[in-house]
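This report covers the fold of a single protein chain, from overall content to selected helices and strands. Please read it alongside the sequence and structure shown below.

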Amino acid sequence: MRAKQMPSSILTRSKSPVILLFAVIILALSFFFFFLFSPSTTTAAVTVPYWHPSVRPETSFVASLEHFLAHKAPKIPASSDDTVGPVIDHDVRRLDERKFVKEMEWLRGDPYYPMSMPVRVYVYEMPSKFTYDLLWLFRNTYRETSNITSNGSPVHRLIEQHSIDYWLWADLIAPESERLLKNVVRVVKQEEADLFYVPFFTTISFFLLEKQQCKALYREALKWVTDQPAWKRSEGRDHIFPIHHPWSFKSVRRYVKNAIWLLPDMDSTGNWYKPGQVSLEKDLILPYVPNVDLCDAKCLLESESKRTTLLFFRGRLKRNAGGKIRAKIGAELTGAKDVVIEEGTAGEGGKAAAQKGMRRSIFCLSPAGDTPSSARLFDAIVSGCIPVIISDELELPFEGILDYRKMAVFISSTDAVQPGWILRYLKSISSTQIREMRRNLAEMAGKLVNIKLHTRRSQRVVKESRSVCTCDCRRSNSTHSNPIN
């Protein structure tokens with residue numbers, strides 16, 4: 001591959017960013033369905049080749065974590081991996097040469113590289129203070145329900161909503177026989193990796209450590225990662241950082257802006273992410289982990305006749321930034337016939353009330369919160385309640401591949417605050433349309449998204465990588481779609 005000048009004055013060969021993006025999309029898209037749905041439900045009669053056929057996944061974060069720490073966590077802290085220690089220019093150059101040889105070997109041996117190969121991920125073995133210690137901290141404190149944020153939200157419930165870092169890491173380091181996904185392979189040699197996963201629990205550390213202690217740990221994690229030869233080789237462009245809560249890792253983000261971030265949304269307003277830090281060209285939006293239980297096919301059938309509420313909302317009505325519209329909508333809808341608007345938080349009692357309300361409703365209101373996105377959207381999806389999305393700046397997970405309009409209603413903020421507009425619009429949707437949208441919601445459970453279209457678009461990547469050898473590079477077209485308005 002074409003050499004690239006790096007800050008360390010070492011010539012390195014970096015994989016095409018489009019190839020990296022393609023690899024990350026396959027990796028994260030696979031986990032998208034794990035976070036939202038369990039394929040072990042009765043809706044999972046559809047064959048899903050990405051899932052390990054003999055593994056029944058656990059979808060409760062607390063239950064999974066309890067089992068993980070009891071049976072998988074090391075009794076003695078793991079020893080350092082082969083990347084820890086003083087790094088010199090020779091280490092980076094040697095890794096680059098090994099990686100170049102391996103990539104050329106794959107390219108010459110397989111005409112369909114990289115599409116024919118699984119995504120290969122190297123998982124850093126970080127010191128336990130960045131990984132196991134933080135999981136134990138959560139486990140030992142999550143029953144303290146009095147631990148809440150300034151706006152009344154239970155801290156541990158927020159951590160669960162943003163627990164993608166745990167689900168990704170736990171599966172990646174599991175024995176092959178216990179892995180949930182077959183198209184993502186963990187490699188032990190860095191030269192064989194497409195991507196490097198950084199297993200640092202940024203959300204847990206933000207919420208459960210004292211402010212200065214958290215910032216110090218962030219700085220230590222930053223130094224540990226940026227000292228690695230693989231990071232120095234690519235300036236972090238092939239490294240994955242889970243930064244799923246908008247407050248997490250904030251003090252040191254500017255130093256890892258080249259890395260691939262796993263986010264809840266883009267927040268184009270600039271309230272949470274600084275300009276130049278996040279973009280659709282390098283980062284991925286992943287869903288919140290739902291607060292409520294999955295309403296499977298049996299549940300959906302039984303709840304059909306019980307859905308007598310037209311529109312349901314339970315949550316905080318007073319929010320910041322784009323979420324200020326919640327108060328206006330709440331004032332407009334409170335007291336309306338067949339509408340339930342409740343103030344509440346995401347505690348255990350709130351979870352039960354929200355789950356009950358969503359399973360008895362046709363539509364579930366999902367306005368912007370402090371950020372454009374909200375966990376409420378994914379709670380509605382797994383409850384079989386058609387989401388009514390009011391968030392003009394929202395970027396949805398994989399919206400270029402998934403057609404959310406087939407299972408959700410989108411209303412602009414301008415229309416939403418017009419007196420009577422929301423209810424008139426919802427009542428105008430026919431029962432046939434409602435059944436179709438609800439059927440599409442149900443099909444999401446156990447459904448494997450057909451990524452052939454995305455693969456075809458990415459065929460240009462292969463041509464580009466081949467043409468590097470003949471000095472005939474061609475720029476590949478962007479595959480990103482425009483955001484849903």
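How many bridges join E6 to strand E7 (residues 260-263)? The two strands run parallel and are joined by 3 bridges.

## Basis and overall content

This is a predicted model, in which local features need pLDDT of at least 70 and side-chain atom pairs count only at pLDDT 80 or more, while totals for chains, interfaces and linings use all residues. Residues are numbered from 1 along each chain as its sequence is written, and side-chain values use heavy atoms, with hydrogens and water left out.

The protein chain has 18 helices and 13 strands; these are DSSP runs numbered from the N terminus, helices being H or I of at least four residues and strands E of at least two. Of its 485 residues, 56% count as buried (under 20% relative accessible area, with exposed over 50% and partly exposed in between, for a 1.4 Å probe and protein chains only). Among contacts (heavy atoms within 4.5 Å) between residues at least 6 apart in sequence, 74% join residues at least 24 apart.

## Strand E6 and its partners

Strand E6 spans residues 239-242, with His 239 and Phe 241 pointing one way and Ile 240 and Pro 242 the other; all are buried. Strands count as paired if DSSP finds at least two bridges between them. Strand E5 (residues 195-197) pairs with E6 in the parallel sense over 2 bridges, and Tyr 197 has Ile 240 as its bridge partner in E6. Towards E7, Phe 241 stands opposite Trp 261.

## The sheet with E9 to E13

An open sheet is formed by 5 strands in the order E10-E9-E11-E12-E13, with parallel pairing. Its edge strands are E10 (339-343) and E13 (409-410), each of which pairs on one side only. Strand E12 (residues 386-390) runs parallel to E13 and is joined to it by 2 bridges. Ile 389 stands opposite Phe 410 in E13.

Helix H11 (residues 325-333) packs on this sheet and touches E9 (309-315), E10, E11 (361-367) and E12. The direction of H11 makes about 145° with that of E11; axes are lines fitted to C-alpha atoms, for helices over the stretch in contact, and angles run from 0 to 180 degrees between N-to-C directions.

The axes of helix H2 (residues 61-71) and helix H4 (residues 132-141) come within 11 Å and cross at roughly 125°. H2 and H4 are therefore oblique to each other (under 35 degrees is roughly parallel, over 145 roughly antiparallel, 65 to 115 roughly perpendicular, and the rest oblique). From H2, Phe 61, Val 62, Leu 65, Glu 66, Phe 68 and Leu 69 meet Tyr 132, Leu 135, Trp 136, Phe 138 and Arg 139 of H4. The residues of this contact divide into 9 nonpolar, no polar and 2 charged (Ala, Val, Leu, Ile, Met, Phe, Trp, Tyr, Cys and Pro count as nonpolar, Asp, Glu, Lys and Arg as charged, and the others, Gly among them, as polar).

In H4, the buried residues are Tyr 132, Leu 134, Leu 135, Phe 138 and Thr 141. Their cover includes H2, H5 (155-161), H6, H7 (202-208) and H8 (211-226). Helix H6 (residues 164-172) has 9 of its 9 residues buried, so it is largely enclosed by the rest of the structure. Among them are Trp 167, Trp 169 and Asp 171.

## Glu 97

Glu 97 lies in helix H3 (residues 89-109) and is partly exposed, with a relative accessible area of 35%. Glu 97 and Glu 191 are 94 residues apart in sequence and 8.6 Å apart in space, C-alpha to C-alpha.
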